[in-house]
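Work through the exercises below with the sequence and the structure in view. Each task is followed by a solution in steps.

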2 protein chains.
Amino acid sequence: MLISTKGRYAIRVMIDLAENRQSGYVPLRDVAERQQISEKYLESIISLLSKAGLVEGIRGKGGGYRLTREPEEYTAWEILNVANGTMAPVACLKDGAPECDRHDICKSLSLYENIYELMELYLGEITLPQLVSGEFTTAEEFAGKKL
Amino acid sequence: MLISTKGRYAIRVMIDLAENRQSGYVPLRDVAERQQISEKYLESIISLLSKAGLVEGIRGKGGGYRLTREPEEYTAWEILNVANGTMAPVACLKDGAPECDRHDICKSLSLYENIYELMELYLGEITLPQLVSGEFTTAEEFAGKKL
DNA sequence: GTTCAACCTATTTTCTTGATAGGTTTTTCG
DNA sequence: CGAAAAACCTATCAAGAAAATAGGTTGAAC
């Protein structure tokens, strides 16, 4: 599966934080409750987002998490990459993967690279506010069939 | 991973069969040797392709596999779907998956549906001869940036 | 009737992912 | 100060999927 549970949850967390950002720092507990996701599991996910700098947390009473930038500065591509680990459609395109023996002769490598790039182009255009509102470019529009 | 080893191998098998189709029925043994893939493992993959009608096999001496149609009638989308089981980017879009509780309220469902569709649009355009030759629409071209 | 090759079923092994558990630090506030 | 709230950290377990292997049966050709 290209997008794991971690990735899906991360999107939901980011949407939740965007929707509730006027309340300052949001405790993970609240997010977990609203999203009906185990708080413990969410912890491991938001930890990735935090380490990557997409959100910041402060500890102690009154603490919680918040976005580090304006919502429109996040793309679905970035969020998914961080939480999911990779968005490579095949193992051999994963970052840090050992170069495959067949690298030079592989006829399908280019196909996978293009899938990868297509995803980046599409998801890189979709911003957090668009995810919040549900209004974003459709696949058909993106493919230029309707423009 | 969106495309499993099965999917990748299936693409290679189809390319191999296309390249060698003037030799009539091609024994799996030959494909396995050329592609450097365990014959036993290939068996399980070509079995999927055969059941789905993409290739046909005949038994006995002089037997083997061959394509059932003209190469240009196969798309990467079809091949990958058959061998990979699904091309759904998330579990909840898999064929036969139980409808998720959050179906109505899920803000990200539409995103995943569009990823799915984008993939179908792109891979549905790429034919077997294009895979053989390595000449097909790039992601950039597809996204309309260069047209 | 032997050989070749598809076809079938089951099992094992390996790996990733999902999920849980149990703690420690840091901060606020009474 | 000390209790509560919250992030943060590390380890481990559980489940499932994917990769790969094993050992056969059936059918066709020579």
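A contact means heavy atoms within 4.5 Å. The model is predicted: local features need pLDDT of at least 70, side-chain atom pairs count only at pLDDT 80 or more, and totals for chains, interfaces and linings use all residues. Residues are numbered from 1 along each chain as its sequence is written, chains are lettered from A in the order in which they are written, and side-chain values use heavy atoms, without hydrogens and water.

**Exercise 1.** Describe the build of chain A.

Solution. Start with the elements, which are DSSP runs: helices (H or I, at least four residues) and strands (E, at least two). Chain A has seven helices and two strands, in the order α-α-α-β-β-α-α-α-α from the N terminus. Next, take the contacts with a separation of 6 or more: 62% of them in chain A join residues 24 or more positions apart. Last, of the 147 residues in chain A, 44% are buried (under 20% relative accessible area, 1.4 Å probe, protein chains only).

**Exercise 2.** Identify polar contacts to DNA strand D.

Solution. Look for pairs of N or O atoms within 3.5 Å. On the phosphate side, a polar side-chain atom of T5(B) is 2.4 Å from a phosphate oxygen, and a polar backbone atom of L28(A) is 2.7 Å from a phosphate oxygen. On the base side, a polar side-chain atom of R59(B) lies 2.8 Å from a base oxygen.

Definitions and conventions. A polar contact is a pair of N or O atoms within 3.5 Å; within protein, one must be able to donate a hydrogen and the other to accept it, and residues adjacent in sequence count only if both atoms are side-chain atoms. Buried means under 20% relative accessible area, exposed over 50%, partly exposed in between (1.4 Å probe, protein chains only).
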